[in-house]
Amino acid sequence: MDHAETIAKLRDIHLPPAQDFTTTIILSILGCISAIILYKIIIYYSFSSYPIRSAALRALKNSRLLNSSERLAAQSRILREVAHSIDHKLSFQKDDAWLEQLDRIFATNFFTKREGKIYGETLYQKATHLPVDILDKELVNLLSAFKK
């Protein structure tokens with residue numbers, strides 16, 4: 001085997017010519033647009049594949065226009081609907097059993113140990129200052145992680 005002949009054939013192989021600046025910019029823009037479209041598709045299909053979560057998040061967003069006591073009642077209804085969609089027997093529980101069930105559904109301790117206690121017996125008592133914004137943010141976090 002003649003190595004000199006093989007090396008002579010390789011001499012004609014060269015790197016491609018350097019691209020000019022405009023080509024690099026155009027390819028970068030196309031890459032960014034493709035990434036954004038892919039991200040939107042992933043977000044769309046993740047929400048449509050979890051109809052309970054998307055309906056609950058939509059209802060929670062719509063409840064933000066209400067006053068604080070009505071908003072708290074709407075949040076409670078949303079939680080009841082989520083529990084009912086999982087198992088219709090769950091939504092009829094009361095007090096601490098209801099809060100424990102919510103903790104099991106969302107895999108948290110928010111309802112038995114933290115601010116979520118308000119969705120138990122406290123929900124039906126008159127309160128002057130309701131932390132609905134804090135509750136709303138926490139419910140968004142819990143529902144966003146919900147896989148149903």
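Of the 148 residues in this protein, 26% are buried. The model is a predicted one. Its secondary structure comes to seven helices and zero strands, and the pattern along the sequence reads α-α-α-α-α-α-α.

**The protein as a whole**

- The accessible surface comes to about 10800 Å², and 61% of that surface belongs to carbon and sulfur atoms.
- Among the contacts with a separation of 6 or more, 53% are made by residues 24 or more positions apart.

**How helix packing is described**

- Two packed helices are described by the angle between their axes and the distance between those axes.

**Helix 4 and helix 7**

- Helix 4 covers residues 68–86 and helix 7 covers residues 132–144. The axes of these two helices come within 10 Å and cross at roughly 20 degrees.
- Because angles under 35 degrees count as roughly parallel, helix 4 is roughly parallel to helix 7.
- The crossing of helix 4 and helix 7 is left-handed.
- On the side of helix 4, the contact is formed by S68, R71, L72, Q75, I78, L79 and V82. On the side of helix 7, the partners are V132, D133, L135, D136, L139 and L143.
- The residues of this contact between helix 4 and helix 7 comprise eight nonpolar, two polar and three charged.

**Helix 3 and helix 4**

- Helix 3 covers residues 51–62 and packs against helix 4 at an angle of about 170 degrees, with the axes 10 Å apart.
- Because angles over 145 degrees count as roughly antiparallel, helix 3 is roughly antiparallel to helix 4.
- I52, A56, A59 and L60 of helix 3 meet Q75, I78, V82 and S85 of helix 4.
- By class, the contact of helix 3 with helix 4 holds six nonpolar residues, two polar residues and no charged residues.

**Helix 3 and helix 7**

- The axes of helix 3 and helix 7 come within 10 Å, and they cross at roughly 165 degrees.
- With that angle, helix 3 is roughly antiparallel to helix 7.
- Helix 3 passes helix 7 in a left-handed crossing.
- The residues contributed by helix 3 are R53, A56, L57 and L60. They meet D136, L139, V140, L143 and S144 in helix 7.
- The contact of helix 3 with helix 7 is made of six nonpolar, one polar and two charged residues.

**Residues that take part in two of these contacts**

- In helix 3, A56 and L60 belong to the contact with helix 4 and also to the contact with helix 7.
- In helix 4, Q75, I78 and V82 take part in the contact with helix 7 and in the contact with helix 3.
- In helix 7, D136, L139 and L143 take part in the contact with helix 4 and in the contact with helix 3.

**E100, in helix 5**

- E100 is found in helix 5, which covers residues 95–106.
- The relative accessibility of E100 is 40%, so E100 counts as partly exposed.
- E100 and K117 stand 17 residues apart in sequence, and their C-alpha atoms are 9.9 Å apart in space.

**N109, between helix 5 and helix 6**

- N109 is placed in the loop between helix 5 and helix 6, the latter covering residues 110–113.
- N109 has a relative accessibility of 36% and therefore counts as partly exposed.
- When residues up to four places away in sequence are not counted, N109 touches D103 and R114.
- N109 and L99 are 10 residues apart in sequence, with a C-alpha to C-alpha distance of 9.0 Å.

**A145, after helix 7**

- A145 lies in the segment after helix 7.
- A relative accessibility over 50% counts as exposed, so A145, at 52%, falls in that class.
- A145 and A107 are 38 residues apart along the chain, and their C-alpha atoms are separated by 9.8 Å.

Definitions and conventions. Residues are numbered from 1 along each chain as its sequence is written. This is a predicted model: local features need pLDDT of at least 70, side-chain atom pairs count only at pLDDT 80 or more; totals for chains, interfaces and linings use all residues. Side-chain values use heavy atoms; hydrogens and water are left out. Axes are lines fitted to C-alpha atoms, for helices over the stretch in contact, and angles run from 0 to 180 degrees between N-to-C directions. Helices (H or I, at least four residues) and strands (E, at least two) are DSSP runs, numbered from the N terminus. Angles under 35 degrees count as roughly parallel, over 145 as roughly antiparallel, 65 to 115 as roughly perpendicular and the rest as oblique. A crossing is left-handed if the near helix is turned anticlockwise from the far one by less than a right angle, and right-handed if clockwise. Contact means heavy atoms within 4.5 Å. Ala, Val, Leu, Ile, Met, Phe, Trp, Tyr, Cys and Pro count as nonpolar, Asp, Glu, Lys and Arg as charged, and the others, Gly among them, as polar. Buried means under 20% relative accessible area, exposed over 50%, partly exposed in between (1.4 Å probe, protein chains only). Accessible areas come from the Shrake-Rupley method with a 1.4 Å probe; for residues, only the protein chains shown count as cover.
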